[in-house]
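Subject: Structure handover

Hello,

Please find the structure below, followed by notes on what was found in it.

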Amino acid sequence: ICPHDGREFGVSFPEELSSVVPVLIVAGEKDKEAVPQIQAWEHYRKTTSSKMIFEIKGGDHFCGNGPSGGSEAATEAGNEPFVLCNYMFAMLCGCGPCPLGVCNGPSGHARNEAPRGAVGGIVLAWLQLFLLGDESARSRLEAQPDIASGFESQKMDRL
């Protein structure tokens, strides 16, 4: 989950969030659109269920767009014509992204900034543990990845 404070939509941030559903928060340290200290960390502090926050070092608003992370530049690289397509679909049809399936995120191939798909590895381990009940995934959620500027969890003993 990539949290939003709701102000833009006229919705106030709840005082307490989920006490039942396990919550994984992926945030970018340098996200200017959803500043992690205002949105992601606030969401994390107010969640009372099993929870984990993974803040990607140097990550922008697009850092959770694929298994190896992502960036705005990677998302838009070579897809400039399709950015217009996405904009037109959103404005004219009220939907998006473009059904051509481009400009929807990075390729997912590992890069130096996210070796071996570190973002996807954490997300996959989280889903395996809390969705499938696979206890072997728990150990992969214990060590902070090298690309994390923030990595914290609480109440991880609950399934």
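What share of the contacts in the chain with a separation of 6 or more comes from residues 24 or more positions apart? The share is 68%, where contact means heavy atoms within 4.5 Å.

Some background on the numbers. This is a predicted model, in which local features need pLDDT of at least 70 and side-chain atom pairs count only at pLDDT 80 or more, while totals for chains, interfaces and linings use all residues. Residues are numbered from 1 along each chain as its sequence is written, and side-chain values use heavy atoms, with hydrogens and water left out.

Overall layout

The chain holds 4 helices and 3 strands, in the order β-α-β-α-α-α-β from the N terminus on. Helices (H or I, at least four residues) and strands (E, at least two) are DSSP runs, numbered from the N terminus. Of the 159 residues, 40% count as buried; buried means under 20% relative accessible area, exposed means over 50%, and partly exposed lies in between (1.4 Å probe, protein chains only). The accessible surface of the chain is about 9,200 Å², and carbon and sulfur atoms hold 57% of that. Accessible areas come from the Shrake-Rupley method with a 1.4 Å probe, and for residues only the protein chains shown count as cover.

The sheet

The 3 strands form an open sheet with mixed pairing, in the order E1-E2-E3. Strand E1 (23–28) and E3 are the edge strands, each pairing on one side only. Two strands pair if DSSP finds at least two bridges between them. Strand E2 (residues 51–56) pairs with E3 in the antiparallel sense, over 6 bridges; Lys51 has Gln154 in E3 as its bridge partner. H4 lies across E1, E2 and E3 and runs at about 175° to E2. Axes are lines fitted to C-alpha atoms, for helices over the stretch in contact, and angles run from 0 to 180 degrees between N-to-C directions.

Helix H1

Tyr44 is in helix H1 (residues 40–46). Is Tyr44 buried or exposed? Tyr44 is buried, because its relative accessibility is 2%. Leaving out residues up to four places away in sequence, Tyr44 touches Ile25, Lys51, Met52, Ile53, Glu152, Ser153 and Gln154.

Salt bridges

The structure has 3 salt bridges, each being a side-chain nitrogen of Lys or Arg within 4 Å of a carboxyl oxygen of Asp or Glu. Side chains of opposite charge can pair when their charged atoms come close. Arg45 and Glu42 form one of them, at 3.3 Å from N to O. Arg45 and Glu42 are 3 residues apart in helix H1, so about one helical turn separates them. Glu42 also forms a salt bridge with Lys46, with the closest N and O atoms 3.4 Å apart. Arg138 and Glu135 meet in a salt bridge at 2.8 Å, N to O. Shared partners join Glu42, Arg45 and Lys46 into one network.

A surface patch

Leu127, Leu131 and Leu132 form a nonpolar patch on the surface, with about 350 Å² of accessible area together. Patches are made of residues with over 30% relative accessible area and no salt bridge; like charges are joined within 9 Å, nonpolar side chains (Val, Leu, Ile, Met, Phe, Trp, Tyr) within 5 Å. Leu131 sits in the loop between helix H4 (118–130) and strand E3 (148–154), and Leu131 is exposed, with a relative accessible area of 65%.

Regards
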